[in-house]
Amino acid sequence: MASVTLEHVKKIYDNKVEAVHDFNLEIKDKEFIVFVGPSGCGKSTTMRMVAGLEDISEGIVKIGDRVVNDVEPKDRDIAMVFQNYALYPHISVYENLAFSLRLRKMSNEEVHKRVCEAAEILGITEYLGRKPKALSGGQRQRVAIGRAIVRDPAVFLMDEPLSNLDAKLRNQMRSEIILLRKRVDTTFIYVTHDQTEAMTLGDRIVVMKDGWIMQVGTPQEVFDTPHNLFVAGFIGSPQMNFLKANLIKNDGKYSVSLLGVTIPLNEEQNDALAKNGVTTQEIILGVRPEHTTALFENQDNSIECTIQVNEMMGSELHLHLITKNDDKIILRLPTIDLSKEQRAQLSYGSKMYITFKAKVMHLFDPKTEKNLIYG
Ligand SMILES: Nc1ncnc2c1ncn2[C@@H]1O[C@H](COP(=O)(O)OP(=O)(O)O)[C@@H](O)[C@H]1O
Ligand SMILES: [Mg+2]
């Protein structure tokens, strides 16, 4: 059990690539933290600096109260699981699990106890006698996790542990990791490029881009109040819609105007914008597909769109629409309430009308890309 602290951490590789710029984060004891972002944004580099597998170019990493910058990986009380399981092929699952314990000169009795416990937690007891090549991908990944569990580390590091598994197994292992976390109850740092994994696993998630932290928050916070365009677009699937619009202020009240319609903002938004000193300006309006209201007829304040693609997902339709300004909009429409006539209307080239409630609208500055309310 331990907290992990990163203060002004920077990584410059030998080839002068600055992979991580100024990383600041306090991970609480027993917290499950996820680093998420596109490939190359510096997730693995940051984790490897915590593990001691990469030198820290600048800044401080602490595990508990101890500065570990110059502490050997084996003395940091951490265990790491990688995407490629890196099992020893020639020895049994049992010996794979026991390996690090034997290096530590632990008694046979204690080794046996820990191996059996870990195998039980992961449901691999019946495979202990097998060699890794006689296991499926999912079973091998469990052994890799087991090797970390037996060490009973203060901090568990996992770098894309599910990326080599197929979609179905990945979903299953994701829920197993949630259960595992409850059973081993220690500090976790988990790296993934997959926003669904980040949202479902993290107590808090750290969204990264180009070596910078874009936002740190609970899954609900980053979903509800993305601080910038990047986070807004990265978290959520299908992606948030972005439309060119204008923020206007009349008689002290703000509203959003686009494509000939004007939508007044709510009281909370009005207060926040006034407090931030925002005036009339161009904006990028962000609205999630599931928050976009679909109308089959033109009403006051609705925006006319043309249907381009209709994706049938079973329980819902994903409609790809285009506005008169060529803005692209995706909306999600539950199929259960649609009449036959309505379904027939949802074909290529048909008209559809959309509108937004004030509370689902996110307002971004086109230049700074910051959220005008929360950024
Ligand atoms: N050993 C290395 N030497 C030089 N550059 C590296 C090395 N490892 C990673 N990088 C670069 O650092 C950046 C971050 O990489 P990485 O931390 O692996 O990203 P992620 O895990 O988010 O995909 C990338 O631009 C990558 O090319
Ligand atoms: Mg990586």
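Reply: Domain bounds here come from an automatic or database domain assignment. That assignment gives domain 1 (4-233) and domain 2 (236-364). This is a predicted model, where local features need pLDDT of at least 70 and side-chain atom pairs count only at pLDDT 80 or more, while totals for chains, interfaces and linings use all residues. Residues are numbered from 1 along each chain as its sequence is written, and chains are lettered from A and ligands numbered from 1 in the order in which they are written.

The residues around ligand 1 (C-beta, placed from the backbone, within 6 Å) are Tyr-13, Asn-15, Val-17, Ala-19, Gly-37, Ser-39, Gly-40, Cys-41, Gly-42, Lys-43, Ser-44 and Thr-45. Helix 1 (residues 43-51) gives this shell its largest share, three residues; helices (H or I, at least four residues) and strands (E, at least two) are DSSP runs, numbered from the N terminus. By type, the shell has four nonpolar, seven polar and one charged residue. Here Ala, Val, Leu, Ile, Met, Phe, Trp, Tyr, Cys and Pro count as nonpolar, Asp, Glu, Lys and Arg as charged, and the others, Gly among them, as polar.

Now follow the chain to Gly-52, in the loop between helix 1 and strand 4 (58-63). Gly-52 and Gly-40 of the shell are twelve residues apart in sequence and 19 Å apart in space, C-alpha to C-alpha. Gly-52 counts as buried because it has 21 C-beta neighbours inside 10 Å (buried: 20 or more; exposed: 12 or fewer; partly exposed in between). Leaving aside neighbours within four places in sequence, Gly-52 is in contact (C-beta atoms, placed from the backbone, within 7 Å) with Val-68, Val-71, Glu-72, Pro-73 and Arg-76.

Stepping back, the centres of domain 1 and domain 2, taken over C-alpha atoms, are 39 Å apart. Six residues from domain 1 and eight residues from domain 2 make the contact. On the domain 1 side, helix 8 (residues 229-234) supplies the largest share, three residues. That side divides into four nonpolar, two polar and no charged residues.

There is also an open antiparallel sheet of five strands, in the order 13-12-11-14-20 (strands pair if DSSP finds at least two bridges between them). Strand 13 (261-264) and strand 20 (362-364) are at the edges with a single partner strand each, so one side of each has no neighbour in the sheet. Strand 14 (residues 281-287) and strand 20 pair antiparallel over three bridges, and Gly-286 stands opposite His-362 in strand 20.

Note on methods:
Contact = placed C-beta atoms within 7 Å.
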